[in-house]
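Open the model in your viewer and keep the selection panel at hand. The tour goes from one side chain to the whole assembly.

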Number of protein chains: 2
Amino acid sequence: MPTPDRTSLGEIVAAGRELLETEGLGGLTMQAVAARVGVRAPSLYKRVRNRAELVSLVAEATAGELGQRLDAAATGTPDAHARLLVLARTFRGYAHERPAAFSLLFTPGSELALDPDVLRRASASMLAVAVELSGPDHALDAARTLAAWANGFVSMELSGAFRLGGDIERAFEFGAHRLADALAAKPDFGN
Amino acid sequence: MPTPDRTSLGEIVAAGRELLETEGLGGLTMQAVAARVGVRAPSLYKRVRNRAELVSLVAEATAGELGQRLDAAATGTPDAHARLLVLARTFRGYAHERPAAFSLLFTPGSELALDPDVLRRASASMLAVAVELSGPDHALDAARTLAAWANGFVSMELSGAFRLGGDIERAFEFGAHRLADALAAKPDFGN
DNA sequence: ACCTGAACACCGTTCAAGT
DNA sequence: ACCTGAACACCGTTCAAGT
């Protein structure tokens, strides 16, 4: 005897994202998600294999949203040097807006199962600016340098690792400007 | 009626570090730690307030060890430019050696309670090389740029975020060399 | 075909009782 | 003074039984 669905995968993932941001990853429990969508915990297993898969879907949604923000920011800044600065600030702004989601996405060794296509789209704008700045030969190296710095800076900032005082805003701008200069194509001396 | 101690805080932290590396953070349970030191779980609460404190102590031990490695590597490389490269490679080497401990230490938003003194010592060698390279005015900014890049690079590497092929070794060396150049003091144009 | 209560294994943590 | 079993609240997950 078929029954009308009382929830959906989209609703479940949305509930997971809300709980992540309000209660932290520890508060993202199957029971809390179930309560939020008006169902009992065992019912979630009809849409999701287990909690790990749900957490991965939440992270994937975050990656997609971050990628859209970066794309939107890149559009309308034709100059590559200026665009790198805009991308860096947008990346950091998103992390401040959704710190828990950002932490989840960039936690090292997290065993997340993310769709490669979503990841590709999320990093496309950074790769594009790297191609323009440093030329095709070192584009991948340059993109990885940029992504590593931005990710590392915001991760350390969010975890309170910058404890020696000073102006964090200024440190970020310093890094962004120095990187934009450093990644620009240089004459090739053979390495 | 006093009883001879059957374990110690040092033994407990050591057991925690072993479990972290072999079983992951999820395998670092109070019961597993207790079993490893030959005691029952409730006894651990005589030495440690709760699991969160034990995890913080494990992370702190990691920070201390990493700092020692960096100090040892810095000693004996007087040239600042070369020393930055050595420090970066040592940092990455340690992360590869103890990936789970590294991940724990640098997980953003982890709520770890770390001794500020241990953290200061762990970052001292990076700060010193930044002072030498970029002068006192921008030393803190430069150190943060360097630490952010190194941390971000290794974090992304460990979480498998570099999925576009290419030579990761080369990307690391590229970043290290470009940063060493970029952080060197430049004439001050007023910003 | 979806939803549920009951059950299981496993956590962290507390505490009275042992020695 | 340390250690323990028992107990509690809370997880994730499975499954037979309901509709």
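A residue counts as buried when its relative accessible area is under 20%. Select Phe172(A): with a relative accessible area of 1%, Phe172(A) is therefore buried. Keep in mind that this is a predicted model.

Phe153(A) and Phe172(A) make an edge-to-face pair, 5.1 Å centre to centre with 65° between the planes. This pair links distant parts of the chain: Phe153(A) sits in helix H8 and Phe172(A) in helix H9, 19 residues apart. Now show Trp149(A) and Phe162(A); with Phe153(A) and Phe172(A) they form one aromatic cluster.

Next, select helix H9 of chain A, residues 168-183. Its 16 residues should span 22 Å at 1.5 Å a residue, and the end C-alpha atoms are 22 Å apart, so the two agree. At its start, a side-chain oxygen of Asp167(A) comes within 2.9 Å of the backbone nitrogen of Glu169(A). Buried residues of H9(A) include Phe174(A), Arg178(A) and Leu183(A). The buried residues of H9(A) pack against H5, H7 and H8 of chain A, and against H8 and H9 of chain B.

Move to chain B. Trp149(B) and Phe153(B) are both buried. They lie in helix H8 of chain B, 4 residues apart, about one turn of the helix.

Zoom out. The same surface serves both: 98% of the contact residues of chain B recur in chain A.

Key. Residues numbered from 1 in each chain as written. Chains lettered and ligands numbered in written order. Predicted model: local features only at pLDDT ≥ 70, side-chain atom pairs only at ≥ 80, totals over all residues. Heavy atoms only, no water. Contact = heavy atoms within 4.5 Å. Helix = DSSP H or I, 4+ residues; strand = E, 2+ residues; numbered from the N terminus. Expected span 1.5 Å × (residues − 1). Buried < 20%, exposed > 50% of the residue type's maximum accessible area, 1.4 Å probe, protein only. Polar contact = N/O pair within 3.5 Å; in protein donor to acceptor, adjacent residues only side chain to side chain. Phe/Tyr/Trp six-rings, centres within 6.5 Å; stacked < 30°, edge-to-face > 60°.
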